There are 2 protein chains.
Amino acid sequence: MSESSKSPQQPPPPVPTSADVARRAGVSRATVSYVLNNAEAVRISEPTRRKVREAAEELGYVPHAAARSLRAGHTRIVLLPTPHVPIGPLYSTFLNELQWALRRLDYTVVQYGSLGLSGDEAVRAWAELRPVAVISLGEITLTSHNVATLKRAGARAVITMGPVGVPGAHALVMDQQEVGARAAAHLVERGRRRIGVVVPREQGLELFSAPRLAGARSVAGAEVEVLPMAYAEESAAELAARWRGLGLDAVFAYNDEYAMLLMRALQDEGLRVPEEVAVIGADDLLVGRLLRPRLSTVRIEMPTGDHLASLVDYAVREPSEVTERHDLMAAEAVHREST
Amino acid sequence: MSESSKSPQQPPPPVPTSADVARRAGVSRATVSYVLNNAEAVRISEPTRRKVREAAEELGYVPHAAARSLRAGHTRIVLLPTPHVPIGPLYSTFLNELQWALRRLDYTVVQYGSLGLSGDEAVRAWAELRPVAVISLGEITLTSHNVATLKRAGARAVITMGPVGVPGAHALVMDQQEVGARAAAHLVERGRRRIGVVVPREQGLELFSAPRLAGARSVAGAEVEVLPMAYAEESAAELAARWRGLGLDAVFAYNDEYAMLLMRALQDEGLRVPEEVAVIGADDLLVGRLLRPRLSTVRIEMPTGDHLASLVDYAVREPSEVTERHDLMAAEAVHREST
DNA sequence: ATGCGGTGGTTACACGTGTCAATGACTCGT
DNA sequence: ACGAGTCATTGACACGTGTAACCACCGCAT
């Protein structure tokens, strides 16, 4: 009694294997494998084919992916380490698109949060899955040692997307500096000099915001002031309240969402946009056009998901030791009414 | 020569296995396994432990997840079939949150696009991964046969999130009708009668928009008119242009983004909001508060990612045959200025 | 009878891991 | 000196699959 009552749940019934199918069809396991994979090299008579198929159907047999890829020696897994902060709408639709494009090429996308792990630990965890490719989005900056670990674990392509390349990996260099530079240049062109740059208070966005800031700084004729701000109405209001004391005539916000937030707060303070202060964001979100005045922005030419996916596919087919660098992401300022 | 030149790329060096580690450390493979998994049942002397660890380190050994879970007989994979349309910011941040929460509980999240596959085919593909749990978001509506297939393949929990439950699965019923009902009720309360309901032209959102529409229809005293609209300025402008002919005094848009788009177009047509037409959206996006007038909305009480993740974890630990139904997602109208 | 080619199927191994049961070495108490 | 214990280590199997190599059979020409 103590035995039977110690656990109320009986063990689940075993999952049917190809051996079960074989038994039921009265053939060998090899035959089952040949039939179910439509092997052309081996000839199997039509009657047995039918028997096998029926048996598989009746048992509800589904092959075991892990066993299969163990045997095969490789997987079709593409690992996609995910940032834990929502990067923004532009990025997340891009990610979704990429995901689908990869799926279309018959890859399996595995998302992997790095959690609290250190870089090396995270990379080890990734390597355990034996992914055929890894696409790092830049939250974790890979060292060349990390790349080596992944390749040793069978990864045929390691692709980094970020502001800077990594030795040994395909680098999709997305130069965020360009974004800041275009924004600042646009403002300078329009006669502004003292430019505030809004930097998110939120953690995890430095990788994007820092280069954007640096880009703005690099523009001749612009005096840049750093303005930390959180993505919340109160933070924007607080910043707007002390605006007149700052002596600025323009502001470049991290992206359109921050820009919209701040612009609204500035207007509530009685400041006129663009007369007293010019506002420009980035990402060219649709909603930016709904405000009065319409928000000027920097449009970023992201690669399409399909494009990146086919690049991944290419890199997998033709792995190379050399560091290939692809410069992506052109940027251009879009003038609307807020500047 | 023809042999060596037919393929320019030499086969990649083999991935180090635990056997390699054992050889290098001068011990058996079993010992390696015990050391690297910190087995407590078996005692291994400190010197050998060191030797093994060093050998593993030098070789850059990383265990093979597939082999491990094959041996173990189960995985920690949670399958997350992903919709191919961006559902909206509210949903995608929720997904991201869920993803991280699951990771924290040591699950591996696998995204899987269903592609062009039929429901049954897609489910088979999922089952191949032997996931311990499947969270279906409603794009593919599971049949009870599908649920059975997944459970037979070892899934301990199948969870559906959508407007309706599925036999055999844990159902997180997110009653989108409630959203529409609250919106319409809010409008009726404020004296409006002839209500337009904006339905997205985009494919794939019917699962959300249809119940929201139905909910609006269910409210006594409301006359509902369906207004298809795409998420683009031109579409909104086109709708606004013929607005006066429609004889409506209020509009409930699918979500805040559509609402903002339409509201702006209506204003451009010279219509006064809320005097001539009341506008309400859904999702309570931050940007909705930046417009003039501030956008009224329906706030949706989504379960937090952590909450859902721990429910998944619970369901995995205590699988039950019965269909458990959890009603989630309360909704309430938030009055701002546009109604 | 003997060889021979084609047909339809099976036997046997490998993939990389975790773990049970067994083995050998060494110490201790009588 | 010898059985009784610890302690450290190992050999062997199982997990589910794909596939190369092999085998039995049949018809047919030598």
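Let me start with a definition: in what follows, Ala, Val, Leu, Ile, Met, Phe, Trp, Tyr, Cys and Pro count as nonpolar, Asp, Glu, Lys and Arg count as charged, and the others, Gly among them, count as polar. What you see above is a predicted model, in which local features need pLDDT of at least 70 and side-chain atom pairs count only at pLDDT 80 or more, while totals for chains, interfaces and linings use all residues. Residues are numbered from 1 along each chain as its sequence is written, chains are lettered from A and ligands numbered from 1 in the order in which they are written, and side-chain values use heavy atoms, with hydrogens and water left out.

I will begin with DNA strand D, where a residue is called near a molecule or strand if one of its heavy atoms lies within 4 Å of it. By that rule 26 residues surround DNA strand D, and the closest are Ser18(A), Arg29(A), Tyr61(A), Arg71(A) and Thr31(B). Of the atoms of DNA strand D that come within 4 Å of the protein, 51% are accounted for by sugar and phosphate.

Which atoms reach the phosphates of DNA strand D? A polar contact here is a pair of N or O atoms within 3.5 Å; within protein, one must be able to donate a hydrogen and the other to accept it, and residues adjacent in sequence count only if both atoms are side-chain atoms. From Arg43(B), it is an N or O atom in the side chain that is 2.8 Å from a phosphate oxygen of DNA strand D. The elements that give two or more residues to the surface near DNA strand D are H3 and H5 of chain A, together with H3 and H5 of chain B; these labels are DSSP runs numbered from the N terminus, with helices (H or I) of at least four residues and strands (E) of at least two.

Turning to DNA strand C, there are 25 residues around it, of which Thr31(A), Arg43(A), Arg29(B), Tyr61(B) and Arg71(B) come nearest. Among its phosphate contacts, an N or O atom in the side chain of Thr31(A) is 2.4 Å from a phosphate oxygen, a polar side-chain atom of Ser33(B) lies 3.2 Å from one, and a polar backbone atom of His64(B) is also 3.2 Å from one. Which helix gives the most to the surface near DNA strand C? That is H3(B), with 4 residues, and by class the surface has 11 nonpolar, 9 polar and 5 charged residues.

H3(B) also takes part in helix packing. Two packed helices are described by the angle between their axes and the distance between the axes. The axes are lines fitted to C-alpha atoms, for helices over the stretch in contact, and angles run from 0 to 180 degrees between N-to-C directions. H3(B) packs with helix H4 (residues 46–59) of chain B at an angle of about 90°, with their axes 10 Å apart. That makes H3(B) roughly perpendicular to H4(B), since angles under 35 degrees count as roughly parallel, over 145 as roughly antiparallel, 65 to 115 as roughly perpendicular and the rest as oblique. In contact, meaning heavy atoms within 4.5 Å, Val32(B), Val35(B) and Leu36(B) of H3(B) meet Arg49(B), Val52(B), Arg53(B) and Ala56(B) of H4(B). Those residues divide into 5 nonpolar, no polar and 2 charged.

Elsewhere in chain B, the axes of helix H11 (residues 233–241) and helix H12 (residues 256–268) come within 8 Å and cross at roughly 50°, and H11(B) and H12(B) are therefore oblique to each other. The residues in this contact include Ala236(B) and Leu239(B) of H11(B) and Leu262(B) and Leu266(B) of H12(B), and the contact as a whole has 8 nonpolar, no polar and 1 charged.

Finally, some backbone details. Most residues other than glycine have a negative phi, and most peptide bonds are trans. A cis peptide bond joins Val273(A) and Pro274(A), with omega about 5°, and Pro274(A) is found in the loop between helix H12 (256–268) and strand E9 (278–280) of chain A. In chain B, the peptide bond from Val273(B) to Pro274(B) is cis, with omega near 5°. Asp283(A), although not a glycine, has a positive phi of about 110°, and its place is in the loop between E9 and strand E10 (297–300) of chain A.
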